[in-house]
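Please keep the sequence and the structure in view while reading.

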Amino acid sequence: MSNNSERPEHASGGNYSTKGKSFSRDMNYIPTRLLRDVPEGADAVAVEPGRYRLIAARACPWANRTLIVRRLLGLEDALSVGMPGPVHDADSWTFDLDPGGVDPVLGIPKLKDAYLARDPEYPRGITVPAIVDTTTGAVVTNDFNQITLDFSTQWTEFQRDGAPNLYPEALRPEMDELMHWVFTEVNNGVYRCGFAGSQESYDAAYERLWVALDRLEERLAGRRFLMGDTITEADVRLFTTLVRFDAVYHGHFKCNRNKLAEMPVLWAYARDLFQTPGFGDTIDFEQIKQHYYVVHRDLNPLGIVPDGPDPSGWLTPHGRESLGGRPFGDGTPPAPVRDAERSPHTILG
């Protein structure tokens, strides 16, 4: 296994857990929108094919959302993608997978450079996903919650023929409530466990997480996807946590009541999605493990990356077809992954 912790620029990680405190995520992201039509005075820029670049590390669950939705909607020609390496220091995500360690379009070695191009005194963390304006080199937005919704609603002119409707208007009130709950209880819930600074905060986070996972096990027992018969944005958001669960969250974040593979419904549901074009073909388990186990030096001081678990189980039959449904609704599956964007460690053929 390649271990990027040996690179000098990755010698120091950040501090993610504070003794005596529970974990609280800073949710102040750059709110600028990319809109089809920009109202006067709005904090927004116009959608324009070829102008913007999505920066999305395969390792990060929040960035993984954007990679999946971009694939499902077929936005590859409209929005290029840059992928930082899985390991970064306390300063910034870096483009160490690219020749010379520089993003070939933006010409920068660190994503921080694009944040500073927008605000020379940018005060917050350098996060992915981020959308960068290639004409200025500056970050437009890093609001991961909004980016994928805008892909569905603001980039429609540039979606592929047969793109699925991931955010059906009639379902939005229920979806928005469900996605918020999935975020607070599951997506962010595993981090509350992993970054807990006291036994008490860990115990509370652990209990809260498993209440949510048990509730999802019940919800999905009689329906193929979270909203019914077709895939929606809600499934994308849950999937990026589930696919990292046994490889990282079970051990590294101490979410260890049981493995995902020991929850019959959620494990089958996650495999169903993994084997659906647009989901598993964005996943690189090696990069995922490198990121968490190397970057979080306060949790794993020696930076040792586990060899397991064996990912081949993700390819076993899931049986969810018996519930019926049409994953893409009236749409069609996306085309195969382009060679330049193919995961170097994919377990898919």
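Strand β5 is covered on both of its faces: Ala130 and Val132 on one side, and Ile131 and Asp133 on the other, are all buried. In a regular strand, side chains alternate between the two faces of the sheet. The model under discussion is a predicted one.

The surroundings of β5 may be described next. Four strands make up an open sheet, arranged in the order β4-β3-β5-β6 with mixed pairing. Its edge strands are β4 (80–82) and β6 (138–141), each of which pairs on one side only. On average, neighbouring strands of this sheet are turned by 40 degrees against each other, direction ignored. Strand β3 (residues 52–55) is joined to β5 by 4 bridges, and the two run antiparallel. Arginine 53 stands opposite valine 132 of β5, a valine that is itself buried.

Attention now passes to the helices. Two packed helices are described by the angle between their axes and the distance between the axes. Helix α7 and helix α9 (residues 264–274) pack at an angle of about 110 degrees, with their axes 10 Å apart. Because of this angle, α7 is roughly perpendicular to α9. From α7, the residues Asp235, Leu238, Phe239 and Leu242 take part in the contact, and from α9, Leu266, Tyr269, Ala270, Leu273 and Phe274. Classified by type, the contact comprises 8 nonpolar residues, no polar ones and 1 charged residue.

Arginine 237 also belongs to helix α7 (residues 233–242). Is this arginine buried or exposed? Its relative accessible area is 3%, under the 20% limit, and arginine 237 is therefore buried. Apart from residues up to four places away in sequence, arginine 237 touches Arg65, Asn145, Thr148, Leu149, Met179 and Asn187.

In soluble globular proteins, nonpolar side chains tend to be buried together. The largest nonpolar core in this model contains 102 residues, of which Phe151 and Leu213 touch the most other members. Neighbours within four places in sequence aside, leucine 213 is in contact with Val186, Leu242, Phe245, Met263 and Leu266. Among these, Leu242 and Leu266 also take part in the contact of α7 with α9.

Definitions and conventions
Residues are numbered from 1 along each chain as its sequence is written. This is a predicted model: local features need pLDDT of at least 70, side-chain atom pairs count only at pLDDT 80 or more; totals for chains, interfaces and linings use all residues. Side-chain values use heavy atoms; hydrogens and water are left out. Buried means under 20% relative accessible area, exposed over 50%, partly exposed in between (1.4 Å probe, protein chains only). Contact means heavy atoms within 4.5 Å. Axes are lines fitted to C-alpha atoms, for helices over the stretch in contact, and angles run from 0 to 180 degrees between N-to-C directions. Angles under 35 degrees count as roughly parallel, over 145 as roughly antiparallel, 65 to 115 as roughly perpendicular and the rest as oblique. Ala, Val, Leu, Ile, Met, Phe, Trp, Tyr, Cys and Pro count as nonpolar, Asp, Glu, Lys and Arg as charged, and the others, Gly among them, as polar. A nonpolar core is a set of buried Ala, Val, Leu, Ile, Met, Phe, Trp, Tyr and Cys residues joined through side-chain atoms within 4.5 Å. Two strands pair if DSSP finds at least two bridges between them.
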